[in-house]
Amino acid sequence: MSSQEEPSVVSPLTTERKHLLNNLVTLFAAVFWMRVVWYAFSQEAPRAKYGAVFLGGGILIYVLKELYELDGEKRLERLGLWATAAVGVGFSGYVWLNYNVLETQRIGYALEHEYAMGALFTLAVLYLTYRAFGTAFLAVVLVAIGYAFFGASIPGLMGHGGIAGRQIINVLTLEFDGFFGSITQIVAAWVALFLLYAGLMRGYGAFNLIMRLSFKTAKYLRSGVAQSAVVSSLIVGSINGAQTANAAMTGSFTIPLMQNSGMKDESAGGIEAVASSGGQIMPPVMGAAAFVMASLLTGVGYVDVLIAGIIPALVFFVSVAVGVHYMAVKQLPEGGIDIESRLADLDETYHPAIEAVRFGVPFAVLLYTLGVAQWTVLSSALYTCGVMVLTGAGIPIVLSLFDDESSVGGSAVDALVDTVSGFKFGAITVAPIAIIIAAVNGIVDLLNATGMPGKLSLALVGIAGGAMLLTTILAMIICLILGLGMPTVAAYTIVALLIAPTLTGQFAVPELAAHFFVFYAAILSGITPPIAIAVVVTAGIAGSNFWRTSLEALKLALPLFVLPFTFIYNPEIVTGGFSLFTVQSGVLVLLGAVSIIHGLNCAARPFGLSAPLSYGVRTVYVALGVVAMVYPGTMVRVGALVVAIGLFGVQRWMPQVQQTGVVAE
């Protein structure tokens, strides 16, 4: 047997090392969450001080996870990771211990050793940013630092006096702006506990339950197999708020299911990419970006953001579901697949009524504390997590008292294992978010120090000649470009501070509407080529061509690229609460989105017309849908929909032979 044919053997040292690292990740995850919960309960330290120790903990957990997943010896890489962890934890600890001096006495300058430590910490964050999110985002950070340093060499409007290297280090690491700034503090105080909630749900089997419920829809709807991807991704994505993580998590189930049922590889990947992106706009959690938005807006609370997001989320959900139905019906066979065998592959769950109590009660606590009692986000998240532990771990123990085949001790051990598993998953999820948020915070504060947001606003208005439509189109393009390759919360934060002030200051667009505009644009950057990070993940799972998968995603998501303009020209969608006018406008937007979807995905020969005339018909449907979604006048929007519905009625009742071009024998 040749050496190439010999089976690989894992050395005992490697196995022992992985076992140790896995235990360390679990241990520090538990310690990390105990610290987070203690802060939420006592709030014993200033938020900026707490943000430093939070970031240090996130760095440690991320490095340990990377070390665990590192195959082979790779001693130099391991040494680099351990050094990064030492710098990250050591500097965060130094900032914690010297908080009072740094915050109140040494403002604008630092000691020599602090500059050296700050420079090392900056390099550590840059390295971890590269490992977690690749070259594209690292380049964005480096460009921001370069722009701050070389500003005096930049001619024209975008030039500035330049910021010295020491002052850049000071801003990034020692002044509680930069890496430890307000966005990091928001994630540490608010978002972290919701990711703990997501981790606990996963540990107790909620995601498995969601998948089971989603698959069961396939029994009652021909496109139900594909709709399962939409439903599960929207629910899971609302909790974890990350396109790529959501695509990887739910896509590993839904994409093979769609493929095995008869859907094309690129269609399965495109559907999952769009659905995973949409999960971030689904209340009541909306991922991390909703918390950041609430912190950036003046006089707008987190609950206000959630309420504003309901109607747009419904438009997103229904339009995607309609598009998925069109795609699935054209590709799936009449008989479908054996859903029961798919359900059998998933772990068994408790009776639906019991599961409703286990996972429904914590969710109800979240809705009540946030929406009715108007508690702070921190308190609401803390109590939600507490109730999740009580119901998720407690109900199985109680049930074991009445089950002769189960022991209380065994159920208690299982509950403890599930809880620890939830802690670990939540910590692994929050760690890279802490790193990317630190990097984004650094970019934002450096750009603010250079005056970039105001200059970009002037440049944007100047290029557009003061025309609102052209300005919004350019703003959309800039949002998509700036968001390429970034997680949504990072992309949203950057474009919100660079683009939203132009819309609010120059055109009096309501602040909430402007921020929803850039928020949705940031989300859509995840499915926009040439980077399309969500498509990269789903195409990899589906084994499909990236560009064809991107095209399928864009066909499905085209109404969603129009939707942000609705916030500008019909801002009542997000600013009007639940008034009759808002609901009416939302219905018009939804029907317009359906018209666009129908135009892109209807029969190959609408009205019996072949190409290129058929493309003209499709264009008419799309144009009517765009008018219904965006035009700032109710009667015109209604008129466009009347025409679209009339065309649909005529097309629907035409003989089938004219639609398909096939004559039955």
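Phe176 lies in the loop that joins α6 (165–174) to α7 (182–203), helices being DSSP runs of H or I with at least four residues, numbered from the N terminus. The model is predicted, so that local features need pLDDT of at least 70 and side-chain atom pairs count only at pLDDT 80 or more, while totals for chains, interfaces and linings use all residues. Residues are numbered from 1 along each chain as its sequence is written, and side-chain values use heavy atoms, without hydrogens and water.

The phi angle of Phe176 is near 60°, a positive value in a residue other than glycine, and this residue counts as buried because its relative accessibility is 7% (buried means under 20% relative accessible area, exposed over 50%, and partly exposed in between, with a 1.4 Å probe and protein chains only). Ala508, in the loop between α21 (500–507) and α22 (511–524), also has a positive phi, near 55°, but with 64% relative accessibility Ala508 counts as exposed.

## An enclosed helix

Helix α11 (residues 265–278) has 14 residues, of which 13 are buried, so the helix is largely enclosed by the rest of the structure.

## Ile473 and its helix

Ile473 is found in helix α19 (residues 468–483), and at 35% relative accessibility Ile473 counts as partly exposed.

Note on methods. Helices (H or I, at least four residues) and strands (E, at least two) are DSSP runs, numbered from the N terminus. The expected span of a helix is 1.5 Å times one less than its number of residues.
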